Amino acid sequence: MPDERRLGLETELRHSVLHKVRRGLRLWWRGEASLRRVVNAGLCNLSLRWRLARVLGKPYFLMIEPTNACNLRCPLCPTGRGTLGRKTTFLSLGVYRKCIDELAPYLIEVNVSNYGEPMMHRDLPEMIAYAKATGSRVAIGCNAHFLNEESSRKLIESGLDQVYISFDGLDQETYEKYRVRGDFRRVVEGVKALLAQRTALHRTNPFVELQFLVMKHNEGQIDAFRAMADEIGADRRIIKPVSFNVADWDDPDTRKAYGEFFPDTEDYRVYRHEGGEWHWKKEQLAFCTAPWRSLTVLADGGIVPCCRDPRGHYTMGNVADGVLKAWNGARFRAFRKSMVERRDRMPICKVCPGE
């Protein structure tokens, strides 16, 4: 039976320095991260503790976007809504390799996805394998529409460690209400194909997580989702309240669209709706650790502080000009300083629960 995680706004454990130290030592003890990488991560967390604008370590978590193209039109996603404001593009292998090469000595984890469907990039297995060759843990998030016997085999053979798959309904009508243009049957078959190939190849990876976004129209299917995940053979179930991108917090169209998906069950709400306005349910948002330990690379090579910046509002530089040059460059240092001093006035940070 798969284990289950419930995601919400609680971030205290992730913000605990002691928790991070213990996690780093466990990774080193199990041989999943070199001592050099663990020490580097420690320097990043020390810099966070001291709120330094210039980080003593190098980024050890990377989110890199293979493409911002997607086959679905999810109503609360900037890509799905057509409001991303970036030209649809596919990251070149050359730029991808340059980024990985620069960060290779420090990386503990790489997520090869962001605002798009990563499996639409024809070189995705090669990208995963290249990152795996550095000794990093590699994950992707996908919608499973492009999973079949052949593509699943390529993903497994690339060395992929983890895949999380959107699975937000138990029938076509429920699924496609949010995953617009989606095919529920194809998703189920794709997940089964991946797990079947993993068994056939005698592998234990990738670790397969099925993610269920709880919304008004599907909250009655949570128990059925648990049963389906068990039946399919997923390794973990993720139950997560739906939210909308913090970058769109002030957009009236997004807020209106969210009203259609806002769960009725209080336990699955991350917002309060009062006087026609949305407010975070949790009054005091945690401080964010992301700018001291990670960065995100967009499909055009632009470097932003995190995945909450889908339009590149805070572009720190470009991979072509050097990743580490941007990491402690003037823009990134100013961003960290602003986060320490006036996070509540930063467009992508003021209502973010923090990483």
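I began with the secondary structure and counted 13 helices and 12 strands in the protein. I note that the model is a predicted one.

Next I looked up the overall dimensions. The C-alpha trace spans about 55 × 50 × 40 Å along its principal axes. For 355 residues, a compact globule would have a radius of gyration near 20 Å, and the protein agrees with 20 Å. I also checked burial: 55% of the 355 residues are buried.

Then I turned to charge pairs. The structure holds 16 salt bridges. I looked at Lys132 and Asp161, whose side chains meet in a salt bridge at 3.0 Å, N to O. Lys132 sits in helix 6 (residues 124-132), while Asp161 sits in the loop between helix 7 (149-158) and strand 5 (162-166), so the pair ties together parts 29 residues apart in sequence. Is Asp161 buried or exposed? Asp161 counts as buried because its relative accessibility is 8%, under the 20% cut-off. Lys132, at 26%, counts as partly exposed.

I looked up a second pair, Arg269 and Glu266, with closest N and O atoms 3.3 Å apart. Both are partly exposed, Arg269 at 23% and Glu266 at 44%. Salt bridges with shared partners also join Asp183, Arg185 and Glu189 into one network. Within it, the closest N and O atoms of Arg185 and Asp183 are 3.9 Å apart, and Asp183 is partly exposed at 24%.

Last, I looked at the surface. Arg22, Arg23, Arg26 and Arg137 gather there in a patch of positive charge. Which element gives the largest share of the patch? Helix 2 (residues 17-29) does, with 3 residues. Arg26 lies in helix 2 and is partly exposed, with a relative accessible area of 40%.

Notes: Residues are numbered from 1 along each chain as its sequence is written. This is a predicted model: local features need pLDDT of at least 70, side-chain atom pairs count only at pLDDT 80 or more; totals for chains, interfaces and linings use all residues. Side-chain values use heavy atoms; hydrogens and water are left out. Patches are made of residues with over 30% relative accessible area and no salt bridge: like charges are joined within 9 Å, nonpolar side chains (Val, Leu, Ile, Met, Phe, Trp, Tyr) within 5 Å. Accessible areas come from the Shrake-Rupley method with a 1.4 Å probe; for residues, only the protein chains shown count as cover. A salt bridge is a side-chain nitrogen of Lys or Arg within 4 Å of a carboxyl oxygen of Asp or Glu. Lys and Arg count as positive and Asp and Glu as negative; His and the chain ends are not counted. The place of a charge is taken as NZ of Lys, CZ of Arg, CG of Asp or CD of Glu. Helices (H or I, at least four residues) and strands (E, at least two) are DSSP runs, numbered from the N terminus. Buried means under 20% relative accessible area, exposed over 50%, partly exposed in between (1.4 Å probe, protein chains only). The radius of gyration is taken over C-alpha atoms; the globule rule is 2.2 Å times the number of residues to the power 0.38.
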